[in-house]
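I opened the model to look up its salt bridges, its nonpolar cores and its cavities. My entries follow in that order.

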Amino acid sequence: NLIPISAPISTSGMLFPEYGRKVAEDLQHQQCDIIHIQHCSQYAQVVRSLNPKARIVLQIHAEWFSQSDFKTLQRRLENVDLLLTVSDHITRKTIRDFPGVAGRCETMYCGIDPDEFRAEKDYGAFRRRKEKRILFSGAVSPHKGAHVLLEAFSIVAREYPDVRLEFVGTLRNYPREETFDLKDRQAIRQLAPFYAKRPVTRLSAKIGFKPADAGTYQGYLKSRLTPEIAEKVTFTGFIERQDFVARYYDADVFVFPPIWDEGFGIPPIEAMAAGLPVVGSLSGALPETVIPGENGFLVEKGNARALAKEILRLLKNDDLRETMGRAGRRRVLANFTWERAADALESRYRRLLTERPGFAKDQFAVSAAN
């Protein structure tokens, strides 16, 4: 059975409206020239009404799905002078859905702080280490594909026993309406097992399954662990930033296999900054950061066997891991830093201040597909 179509809270007008009004009033008192709104399109109208002369920038970090009210989004975009997205993937989809913003919709990539990744990876030491370590970081949620990685790891561990897998990140089920188009029946059917209740059995209790895990994604993942791989898999959860960066440097291969369309994906570029090769899925913006054959590999979404194949290729080849790790680090430091993003944003701000503000409402149109 399909779950009811419901609007994501991220685009709902009920997302703290009083907060939006208070912020708009404060900005009015400050008489700002440029107002930059992060993702929350619902605040654009009240901000514009109280700040008619300001240039308004809206930056979105994920794509809008069909369960959002596109006519409402269109009205909000009428108040925006510049629409920024975090990837060409989102830019293309946004322009397709809202053709009228084509001249005001641009990509501005996210980045990393190079100071956190000053150290060069000691590849020689990792060649000498017998046990290899695979790392996943990010939200351990269905849309990030941790279950695909776990299935792939079962294949990897049979062929390459001296290996460990660590999941670092918040353990939670992100809402389906915030990560998938709910009209995609195939996707919703595939998601169903990740939200189902599961009883505690003798085997599942032995590998750490608890009553509190029932109906959670973590519970689903634990139910898929066999005794043979359970001791090789760790769910670390949230850790301090310093320890988090250290995990990147301590790994041999980074794997990131989302099954949704990734808006940008900061974990892969953090991993590359630390000198790791990346194995990921052909998801959203990942092809914009991970170049197959150069700094990693990308496989079809949900294809655990293909994922395992590329992980094994890297585990068995010290030279390939180092070559791709170094290439990834060079690519990130040259293209994906916060300093580079800040420079790009400053140039856009200066351009806005010299251009005629706003553009006519009749330039907006909602795609017929929506």
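**Salt bridges**

I first looked up Arg 351 and found its side chain in a salt bridge with that of Glu 106, at 2.7 Å from N to O; a salt bridge here is a side-chain nitrogen of Lys or Arg within 4 Å of a carboxyl oxygen of Asp or Glu. Arg 351 sits in helix α16 (residues 338–354) and Glu 106 in strand β4 (residues 105–107), so this pair ties together parts that are 245 residues apart in sequence. Helices (H or I, at least four residues) and strands (E, at least two) are DSSP runs, numbered from the N terminus. Arg 351 is partly exposed at 31% relative accessibility, and Glu 106 is buried at 19%. I use buried for under 20% relative accessible area, exposed for over 50% and partly exposed for in between (1.4 Å probe, protein chains only).

I note that this is a predicted model, in which local features need pLDDT of at least 70, side-chain atom pairs count only at pLDDT 80 or more, and totals for chains, interfaces and linings use all residues. Residues are numbered from 1 along each chain as its sequence is written, and side-chain values use heavy atoms, with hydrogens and water left out.

Next I took Arg 21, which forms a salt bridge with Glu 25, the closest N and O atoms being 2.4 Å apart. The two are 4 residues apart in helix α1 (residues 17–30), which means a separation of about one helical turn. Arg 21 is partly exposed, with a relative accessible area of 31%, and Glu 25 is partly exposed too, at 25%.

I then looked up Asp 115, whose salt bridge to Arg 118 has its closest N and O atoms 3.2 Å apart. Both Asp 115 and Arg 118 are exposed.

Which residues are linked in a network of salt bridges? I listed Arg 129, Glu 131, Arg 133, Asp 250 and Asp 252. My search of the whole structure gave 26 salt bridges.

**Nonpolar cores**

I counted 96 residues in the largest nonpolar core, a core being a set of buried Ala, Val, Leu, Ile, Met, Phe, Trp, Tyr and Cys residues joined through side-chain atoms within 4.5 Å. Helix α6 (residues 146–159) gives the most to this core, with 9 residues. Ile 134, Val 156 and Phe 167 are among the residues with the most contacts inside this core.

**Cavities**

I found 2 cavities of 30 Å³ or more. A cavity is a set of points on a 1 Å grid over the protein atoms alone where a 1.4 Å probe fits but cannot get out, and lining residues have an atom within 4 Å of a point. Grid points are joined across faces, edges and corners, and a volume is the space filled by probe spheres set on the points.

The largest cavity holds about 70 Å³. Its lining includes Tyr 123, Arg 127, Asp 252 and Arg 321. Asp 252 also belongs to the salt-bridge network noted above.

The second largest cavity holds about 30 Å³. Helix α4 (residues 88–97) gives the most to its lining, with 3 residues.

Terms used
On a 1 Å grid over the protein atoms alone, a cavity is a set of points where a 1.4 Å probe fits but cannot get out, and a pocket is an open set with protein on both sides within 12 Å along at least five of seven lines; lining residues have an atom within 4 Å of a point.
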